[in-house]
Amino acid sequence: MAEKAPLETGLGVFQLQVPPKKPDAAAMLQRAIQNATPPLMRWGRLTQPVTVRLQPDHGALERVTGRSGYTWLRAWARYDLLDVQSPETWEPLKASQRDLDELLLHELTHTVMFQLAASSSDWVQKQIPAWFREGMASYTAEQAYRWPTLEQLARTLEEHPDWEPLLQPEELFEQQMEVAYGASHHAFVFLVNRYGQDTVKRLLDAMSQGPNFQEAFATTVGLPAEAFVRDFTRYVRLRGFKGGRLLPSAQSLQEP
């Protein structure tokens with residue numbers, strides 16, 4: 001891969017690596033990073049440079065990420081590395097600039113979150129759950145339109161009472177991707193609407209001081225993360241979003 005000059009934005013520094021003869025895709029990638037900068041800065045700034053590698057096709061993306069069988073996967077983010085499938089190889093249609101912008105905003109939310117919450121040596125040990133990781137990314141990228149509504153999610157949980165999309169999401173991400181992402185998105189919206197966006201920022205900062213997610217959540221939010229998840233699940237199953245008496249503090253919540 002050819003390495004381009006570092007791209008410096010208000011968010012941080014990016015090192016782009018692109019295959020030869022991909023100038024159009026490289027230009028799209030650069031624009032997508034620049035477009036992602038303003039909405040991502042609501043959370044903070046990167047603490048380390050990020051390498052962004054443009055993979056020539058889906059097979060190459062699967063090989064470098066070790067994720068096989070996820071046909072919908074278009075990128076994979078880590079602490080300081082992001083692999084992106086070249087937009088002209090997306091299926092069934094090649095990606096537009098808008099498609100790539102949305103993808104990069106989602107994926108770079110992960111990277112910003114990891115860097116604000118941890119160092120390069122302990123970010124995995126923070127044990128940030130999938131519902132928070134994916135919910136924060138979907139919320140930031142405004143992807144509610146992609147997922148089931150709260151009413152649709154409630155109906156799904158009625159049909160599958162044994163499903164716990166927030167506590168046991170991994171197999172759902174493989175088998176029922178929309179349910180897992182939808183539940184994560186709505187749970188994060190519930191968190192922000194009830195406790196505020198600044199609470200999320202304080203949670204990330206608390207993790208950076210040493211505690212893992214569970215410890216930092218309990219200290220910052222004021223209740224265990226599992227209790228929050230149960231509260232949200234109850235809110236969905238009993239349709240508290242319709243304005244009943246279930247959760248008075250959340251009556252103003254609207255479906256995103």
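**Group meeting: a first look at the model**

Glu-102 sits in helix 3. Leaving aside residues up to four places away in sequence, Glu-102 is in contact with Ala-141, Gln-143, Tyr-145 and Arg-146.

Now the overall picture. How many helices and strands does the protein have? There are 10 helices and six strands. The radius of gyration is 19 Å, close to the 18 Å that the globule rule gives for 256 residues, so the protein is as compact as a globular protein of that length. Along the principal axes, the C-alpha atoms fill a box of roughly 60 × 40 × 30 Å.

Of the 256 residues, 54% are buried. If we take the contacts with a sequence separation of 6 or more, 67% of them join residues 24 or more positions apart. The exposed surface comes to about 12300 Å², and carbon and sulfur atoms supply 47% of that. On charge, there are 26 positive and 31 negative side chains, and the centres of these two sets lie 3 Å apart.

Next, the inside. The largest nonpolar core has 79 residues. Which residues have the most contacts inside this core? They are Phe-14, Val-84, Leu-104, Trp-131, Phe-132 and Phe-217. Helix 3, residues 97-117, gives the most to this core, with 10 residues. For Leu-104, the contacts beyond four places in sequence are with Leu-29, Ala-32, Ile-33, Leu-82 and Val-84.

Now for some backbone details. Most residues other than glycine have a negative phi, and most peptide bonds are trans.

The peptide bond from Glu-91 to Pro-92 is cis, with omega near 5 degrees. Where is Pro-92? It lies in the loop between strand 6, residues 81-85, and helix 3.

Lys-21 is not a glycine, yet its phi is positive, near 65 degrees. You will find Lys-21 in the loop that runs between strand 3 (13-18) and helix 1 (23-40). Is Lys-21 buried or exposed? Its relative accessibility is 83%, so Lys-21 counts as exposed.

Glu-142 also is not a glycine and has a positive phi, of about 55 degrees. The loop that holds Glu-142 is between helix 4 (130-140) and helix 5 (150-159). Glu-142 is exposed, because its relative accessible area is 63%, and the cut-off for exposed is over 50%.

My last stop is Thr-47, in the loop between helix 1 and strand 4, which covers residues 50-55. The relative accessible area of Thr-47 is 45%, so this residue is partly exposed. How far apart are Thr-47 and Ala-118 in sequence and in space? They are 71 residues apart in sequence and 9.9 Å apart in space, C-alpha to C-alpha. Again setting aside residues up to four places away in sequence, Thr-47 touches Tyr-79 and Gln-115.

To go back over the main points: the predicted model has 10 helices and six strands, and its largest nonpolar core has 79 residues.

Note on methods. Residues numbered from 1 in each chain as written. Predicted model: local features only at pLDDT ≥ 70, side-chain atom pairs only at ≥ 80, totals over all residues. Heavy atoms only, no water. Core = buried A, V, L, I, M, F, W, Y, C linked by side-chain atoms within 4.5 Å. Buried < 20%, exposed > 50% of the residue type's maximum accessible area, 1.4 Å probe, protein only. Helix = DSSP H or I, 4+ residues; strand = E, 2+ residues; numbered from the N terminus. Contact = heavy atoms within 4.5 Å. Rg over C-alpha atoms; globule rule 2.2 N^0.38 Å. Areas by Shrake-Rupley, 256 points an atom, 1.4 Å probe, with all protein chains shown as cover. Lys, Arg positive; Asp, Glu negative; His and termini not counted. Charge placed at Lys NZ, Arg CZ, Asp CG, Glu CD.
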